[in-house]
Structure formats: C-alpha cells, structure tokens
Amino acid sequence: CFGTSIWDETLYKAWSEIVTNLIPNIGVLESHLSDFCRICDADEVVLFERATFLVISHAQAKKDTSIDDGKRQSLLTSGEEENL
C-alpha cells in the first residue's frame, strides 16, 4: 500500500467538494455553522473532516474582499501541514 498526498490546492478543493456533496442535510449543517459564527462573533468558521482535514463547510460573518478564495485555500492547506 502506497501513501498518497493531496496537497495541491486544486485537488484539495475538488475532494472537499466531493465529500461535502456526500453529506446528507448539508444545508442544515451550514445553517448551524452560520449561527455559530454569528453567536461567537467570529470573522470566519471552518469545519474540517477529522481524518483528512478536508474542508466540509465554512461560514463568514462578512465577505473579506482582501483575501480571495485561492489565497484562503492556500492558507487552509498550509495550516493543515502544521497540524499533522
């Protein structure tokens, strides 16, 4: 068995979207995540899958135009490497 890695941001994002689409009632989960973000007065909340750290969902209090999605994905994957 060979280990593999999905550190490339495009593959990481694609796998995150696949996993997210497999979750039943994702709308309810996203709604609760938005409520959690608002109640905690957080700028952003990100929900990761435990084993792979794939992004399942995220919520933002307000749209931060200074960080685009590509930069955010890069920040998430670099943060993931520190957690391993």
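T20 is found in helix α1, where helices (H or I, at least four residues) and strands (E, at least two) are DSSP runs numbered from the N terminus. The model is predicted, so that local features need pLDDT of at least 70 and side-chain atom pairs count only at pLDDT 80 or more, while totals for chains, interfaces and linings use all residues. Residues are numbered from 1 along each chain as its sequence is written, and side-chain values use heavy atoms, with hydrogens and water left out.

At 14% relative accessibility, T20 counts as buried (buried, under 20% relative accessible area; exposed, over 50%; partly exposed, in between; 1.4 Å probe, protein chains only). Leaving aside residues up to four places away in sequence, T20 touches I26, V55 and I56, a contact being heavy atoms within 4.5 Å.

The largest nonpolar core has five residues, namely L33, C37, A42, V45 and A59. Such a core is a set of buried Ala, Val, Leu, Ile, Met, Phe, Trp, Tyr and Cys residues joined through side-chain atoms within 4.5 Å. With residues up to four places away in sequence not counted, A59 touches L33, S34, C37, D43, E44 and V45. In soluble globular proteins, nonpolar side chains tend to be buried together.

L22 is placed in the loop between α1 (9-21) and α2 and is exposed, at 67% relative accessibility.

The structure holds one salt bridge, defined as a side-chain nitrogen of Lys or Arg within 4 Å of a carboxyl oxygen of Asp or Glu. In this bridge the side chains of R38 and D35 meet at 3.6 Å, N to O. Both residues lie in helix α2 (residues 26-39), three residues apart, about one turn of the helix. R38 is exposed at 58% relative accessibility, whereas D35 is partly exposed, with a relative accessible area of 31%.

T52 lies in the loop between β1 (44-48) and β2 (55-60) and is partly exposed, at 36% relative accessible area. The C-alpha atoms of T52 and Y12 are separated by 9.9 Å, although these residues are 40 residues apart along the chain.
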